[in-house]
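Here are my notes after going through the model you sent.

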Amino acid sequence: MTAAPRDSALMTHLSADEVRWSNGFWSRVHERTRDVTIPQIWASLSDPEVSPGLRNFEIAIGEREGTHIGPPFMDGDMYKWIEAAIDSLETDPDDALAEQIENLAGKIARVQRDDGYVHTPTAISERNGDETTALADRFNFETYNLGHLISAGVRHYEVTGSESLLTLGKNAAAFLEHLAYDKPLDLARSAICPSHYMAVMELFRVTEDRRYLELAKAFLRVRDDFEDGGDDNQDRIAVRDQYAVAGHAVRANYLYAGLADLVLETGDDELRAVLERLWTDVVDTKLYITGGCGALYDGASPDGFPWQGEISRVHQSYGRPYQLPNTTAHAESCANIGMIFWSERMLALTGDAKYADVIERIAYNVLLASISLTGDAYFYTNALRQVRGLPFELRRPGDTGQQVVPSPPPSDERLRQGYMTCFCCPPNIARALASFHTRAASVGEGGLFVNQYGGSEISVARDASSLALREDSDYPWSGRIAFTVTEASGSLPLNLRIPGWSSGATLTVNGDAVSVTGPGSYTRVDRAWQAGDEIVLDLPMPVRALRGHRLAEEITGQAAVQRGPVVYCLESADLPDGVLLEQAAWRRGSALSPVQAEIAGTPVMALEGELQVLPIADSDELYADLDDDAVGTAPARFVPYFAWGNRGAGEMSVWIPVVW
Ligand SMILES: [Zn+2]
């Protein structure tokens with residue numbers, strides 16, 4: 001089953017029946033997600049000694065005694081895990097997992113009220129005789145949880161045909177409808193991390209029932225009528241009046257992704273233009289080189305009001321343009337995934353390869369960095385620099401007021417964790433990776449579009465034509481990407497993305513050169529395809545040293561190393577004894593050569609060459625005279641940013657001072 005075509009879409013992304021990772025880089029990630037990540041997250045969520053995730057549902061239905069524990073969005077984290085497991089079922093059928101999901105659907109059904117509302121904190125309070133009111137506090141995340149339940153229901157129906165979760169999702173949508181028409185301000189106030197915007201559009205596509213499209217329109221309408229908002233939740237001013245992205249980055253990216261879904265169905269050109277300018281604002285001025293979104297742990301959004309007392313407090317938030325701190329980068333894993341959701345919808349809407357470029361930047365860098373190479377530990381925040389001796393504690397994901405963390409580790413020992421009390425990110429990472437193959441290619445009026453490389457098999461039919469391809473490549477370590485046509489009829493055009501980072505790309509079909517469009521575009525090949533046709537795209541991958549904008553103060557005088565789509569970093573584990581991270585610099589033009597390496601059992605491409613060693617003493621003085629000693633040299637070894645922090649505690653930096 002596939003979703004109904006979208007009226008305004010130039011492209012529709014493919015289902016797992018049409019595209020898979022079958023070999024190479026992404027198939028290893030896919031297998032790790034299936035074999036390690038999804039079971040490991042469930043082991044946490046279902047063990048009451050570790051997580052209250054399942055326990056809360058069991059208390060809510062009377063199978064256990066107790067009170068609700070954990071953040072109010074924990075139900076949504078359970079639903080996100082279910083969605084990841086369903087994604088896995090689609091590519092790798094598993095009867096036991098399928099039955100487990102049906103059992104969970106049965107438990108959730110027993111918590112859901114007749115009006116469709118389901119929220120374990122409220123259900124447990126009611127069961128324990130405490131007074132409680134739905135939607136009393138916007139930070140109860142009820143609509144966020146309901147959105148994830150709807151999405152899980154849609155995926156469950158699409159993959160298995162079962163309506164057990166879909167029915168719960170429809171009930172939840174009915175509750176949201178009741179809010180939209182009877183309590184619109186309650187609905188607007190509670191739209192925090194609005195997963196329900198995307199969810200009801202998914203429900204519309206799978207049911208083709210226009211009431212869900214009308215509900216999505218109502219979400220936007222009631223939001224714009226809400227007068228007590230702030231920049232943290234993007235509801236200080238109407239969406240159509242917004243010209244810059246501010247506030248909580250997960251909330252922003254989920255909101256705009258959901259609205260892009262709406263535009264895909266309605267063709268609302270005014271809203272489309274708003275989303276294009278907001279997306280450009282992020283990518284041109286606020287996106288980390290790793291693809292991370294949301295620079296600030298805490299801050300203020302001072303531009304909306306002239307008076308200090310009315311400045312909007314923000315947290316886990318986008319900063320001002322070019323405000324991109326490295327050590328204190330927040331870049332929540334959920335925000336980065338939200339940017340993939342937003343970008344893939346904009347790609348479908350416009351067919352512009354720049355959106356696929358950003359998905360690639362996020363995927364190969366911050367998304368993969370948010371999970372350990374072993375697939376069982378996670379980052380909530382994604383720093384670009386980790387240094388010893390930070391004299392304050394960066395708030396950690398466990399610090400939600402639910403659990404006291406007695407002794408914070410030193411700042412250079414922050415490592416991924418298998419479980420954290422604020423558990424929104426791990427199941428989000430799992431579902432993003434379990435479904436990543438669906439982002440590999442799209443189909444539309446213009447033919448087949450290959451958006452992402454890394455070892456796919458694609459098979460699509462459109463109109464009277466069909467085309468099946470197998471990609472063989474060592475991408476992202478090598479830019480030579482070979483496709484073999486395995487089946488074909490008719491002449492479906494093939495469009496290959498030429499990444500924005502590339503230069504000098506070449507393309508051959510059966511050995512004959514085909515002209516290639518510029519970076520950041522799709523090169524279209526029209527041909528009557530035959531089985532056995534060979535298409536070879538060659539993307540040269542020189543090592544590049546990149547600088548930042550003059551206003552990006554935190555990276556002034558520094559460079560980041562990138563090869564192909566992969567951003568590199570320097571870790572203290574690779575520095576010679578006696579060389580401190582802050583001493584390491586890179587001489588402009590100094591060669592770095594790709595070298596096969598292995599980190600935590602995972603093959604990666606390291607870059608080796610020579611570092612400059614600056615004569616900086618290990619000192620805590622705020623200011624000191626420049627040292628007169630000569631600059632030395634030492635062997636350099638850069639590793640992919642996504643592989644950092646997999647060799648124990650240590651220091652790390654993406655940006656390195658440049659010696660000219
Ligand atoms: Zn998160």
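1. Ground rules first. Two strands count as paired if DSSP finds at least two bridges between them. Helices (H or I, at least four residues) and strands (E, at least two) are DSSP runs, numbered from the N terminus. This is a predicted model, where local features need pLDDT of at least 70 and side-chain atom pairs count only at pLDDT 80 or more, while totals for chains, interfaces and linings use all residues. Residues are numbered from 1 along each chain as its sequence is written, and side-chain values use heavy atoms, with hydrogens and water left out.

2. The five-stranded sheet. With that pairing rule, β1-β7-β8-β12-β15 is the order of an open sheet of 5 strands with mixed pairing. At its edges sit β1 (11-13) and β15 (521-525), each pairing on one side only. From one strand to the next, the twist averages 30°; for angles, axes are lines fitted to C-alpha atoms, for helices over the stretch in contact, and values run from 0 to 180 degrees between N-to-C directions. Strands β1 and β7 (residues 441-444) run antiparallel and are joined by 3 bridges, with T12 opposite V443 in β7. Helix α14 (residues 353-369) packs on this sheet, touching β12 (494-498) and β15, and its direction makes about 55° with that of β12. Contact here means heavy atoms within 4.5 Å.

3. The seven-stranded sheet. A second open sheet to look at has 7 strands, ordered β2-β9-β10-β11-β16-β13-β14, with antiparallel pairing. Its edge strands, β2 (19-21) and β14 (512-514), have a single partner strand each, so one side of each is left without a neighbour in the sheet. The twist in this sheet averages 20° from one strand to the next. Within the sheet, β9 (residues 456-462) and β10 (residues 465-473) pair in the antiparallel sense over 6 bridges, and I458 stands opposite L469 in β10.

4. Strand β18. Why is β18 largely enclosed by the rest of the structure? In β18 (residues 558-563), 6 of the 6 residues are buried, so the strand is largely enclosed; buried means under 20% relative accessible area, exposed over 50%, and partly exposed in between (1.4 Å probe, protein chains only). In a regular strand the side chains alternate between the two faces of the sheet. Here, Q558, A560 and Q562 point one way, and A559, V561 and R563 the other way.

5. The partners of β18. Strand β17 (residues 543-546) runs antiparallel to β18 and is joined to it by 4 bridges, with L546 partnered by A560. Strand β25 (residues 655-659) is also antiparallel to β18, through 3 bridges, and P657 is the bridge partner of Q558. Another 2 bridges join β18 to the antiparallel β19 (residues 566-571), where V567 partners Q562. β18 and β19 form a hairpin with 2 residues between them, and G564 in the turn has a positive phi of about 60°.

6. The core. Which residues touch the most other members of the largest nonpolar core? Out of its 213 residues, they are W342 and F638. A nonpolar core is a set of buried Ala, Val, Leu, Ile, Met, Phe, Trp, Tyr and Cys residues joined through side-chain atoms within 4.5 Å. Leaving out residues up to four places away in sequence, F638 touches several residues, including V561, L570, W586 and I656.

7. Helix α7. This helix (residues 164-182) has 19 residues and reaches 27 Å from its first C-alpha to its last, close to the 27 Å expected at 1.5 Å a residue. The expected span is 1.5 Å times one less than the number of residues. Among the buried residues of α7 are L165, F175, E177 and A180. Its buried residues pack against α3 (74-91), α4 (95-111), α6 (142-160), α8 (184-189), α9 (195-207) and α10 (210-225).

8. Arg in α9. R205 is found in helix α9. Is R205 buried or exposed? At 6% relative accessibility, R205 counts as buried. Its side chain makes a polar contact with the side chain of E265 (2.7 Å). A polar contact is a pair of N or O atoms within 3.5 Å; within protein, one must be able to donate a hydrogen and the other to accept it, and residues adjacent in sequence count only if both atoms are side-chain atoms.

9. Helix α5. In α5 (residues 120-127), 6 of its 8 residues are buried. The cover over the buried residues of α5 includes α2 (53-60), α3, α4 and α6. After α5 comes G129, with a positive phi near 80°.
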